[in-house]
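I opened the model to look up the ligand shell, the nonpolar core and some backbone angles. My notes are below the structure.

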Amino acid sequence: MRRILTLAVILVAFMVVSLSAGVVMAKDSTGKPMTMMMKKKPLYDRLGQKKAIVAVVDAFVAQVAGDKRINKFFAKTASDPKRLAKFKMHLVDLICAGAGGPCKYTGKDMKTAHAGMGIKTADFNALVEDLVSTLNKFKVGKEEQKELLGILGPMKKDIVENTGGRVPMTQKGGY
Ligand code: HEM
């Protein structure tokens with residue numbers, strides 16, 4: 001009896017640990033239980049790979065072009081088809097590579113690309129809002145949206161340069 005109880009406790013403990021570690025019990029062709037690890041596909045695949053990213057970027061750029069809060073930043077880009085195509089291609093490659101896809105981003109780093117534009121936090125937030133609204137239109141899942149924003153969000157520090165007139169600590173006292 002004691003042995004059966006001990007075995008039962010070990011079995012329950014194993015099941016709890018297995019489930020919390022994302023291990024599922026399945027049966028092989030002979031009906032014997034086997035354990036396998038659940039592996040999430042890379043974000044790139046869950047987004048629908050390159051074709052879907054190109055479609056999302058197209059719609060996103062169109063949405064930004066119609067957004068009165070920030071479209072002044074893109075006036076020159078939108079009026080030059082070659083420049084617009086290159087910008088879109090760079091955005092696609094950045095997202096594709098960031099999501100673990102087989103692309104290489106060959107554009108400028110984020111600091112250089114946005115230097116001197118005077119982008120404020122409000123502008124950045126407006127652009128993120130447009131992106132989320134586009135992702136919703138394409139029915140991209142909440143988890144995938146979260147992961148994508150987790151990749152793009154940290155770029156904010158290199159893109160936003162106008163902090164609203166606050167003087168950085170290093171410049172206090174002037175030099
Ligand atoms: C996470 C947010 C952002 C990402 C990932 C991003 C990404 C990029 C990329 C990849 C480029 C192209 C760089 C190159 O061609 O070498 C670019 C350029 C540019 N970005 Fe952003 N950007 C972001 C936020 C913003 C914001 C908030 C604004 C303004 C409201 C903005 C305005 C521009 C403009 C005007 C260009 C130049 C486009 C051109 O080449 O004509 N970006 N950005």
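The entries that follow go from the ligand to the core, then to one helix and to backbone angles.

**Basis.** I worked from a predicted model, where local features need pLDDT of at least 70, side-chain atom pairs count only at pLDDT 80 or more, and totals for chains, interfaces and linings use all residues. I number residues from 1 along each chain as its sequence is written.

**Ligand shell.** I found 21 residues around the ligand, with Thr77, Gly107, Lys108, Ala113 and Asp123 the closest. Helices here are DSSP runs (H or I, at least four residues), numbered from the N terminus. Two or more shell residues come from each of H5 (81-98), H6 (110-114) and H7 (121-137). H5 has the largest share, five residues. I sorted the shell by class and got 14 nonpolar, four polar and three charged residues. In that sorting Ala, Val, Leu, Ile, Met, Phe, Trp, Tyr, Cys and Pro count as nonpolar, Asp, Glu, Lys and Arg as charged, and the others, Gly among them, as polar.

**Nonpolar core.** I call a residue buried if 20 or more other C-beta atoms lie within 10 Å of its own, exposed if 12 or fewer, and partly exposed in between. A core is a set of buried Ala, Val, Leu, Ile, Met, Phe, Trp, Tyr and Cys residues joined through C-beta atoms within 7 Å. The largest nonpolar core has 16 residues, and Ile53, Ile95, Cys96 and Ala99 have the most contacts inside it. H2 (43-47), H3 (49-65), H5 and H7 each supply at least two of its residues. H3 gives the most to this core, five residues. I then listed the contacts of Ala99 (C-beta atoms within 7 Å). Beyond its neighbours within four places in sequence, Ala99 touches Pro42, Leu43, Tyr44, Leu47, Leu148 and Ile151.

**Helix H5.** I noted 18 residues and 26 Å from first C-alpha to last, close to the expected 26 Å. The expected span is 1.5 Å times one less than the number of residues. Val92, Leu94, Ile95 and Cys96 are the buried residues of H5, and they pack against H2 and H3. Gly100 follows H5 with a positive phi, near 90°.

**Positive phi.** Most residues other than glycine have a negative phi. I noted Gln49, not a glycine, at a positive phi of about 65°. Gln49 is in H3 and is partly exposed, with 15 other C-beta atoms within 10 Å. Lys139 also has a positive phi, near 55°. Lys139 lies in the loop between H7 and H8 (142-152) and counts as exposed, with 6 C-beta neighbours inside 10 Å.

Notes:
A residue is near a molecule or strand if its C-beta atom, placed from the backbone, lies within 6 Å of it. Two residues are in contact if their C-beta atoms, placed from the backbone, lie within 7 Å.
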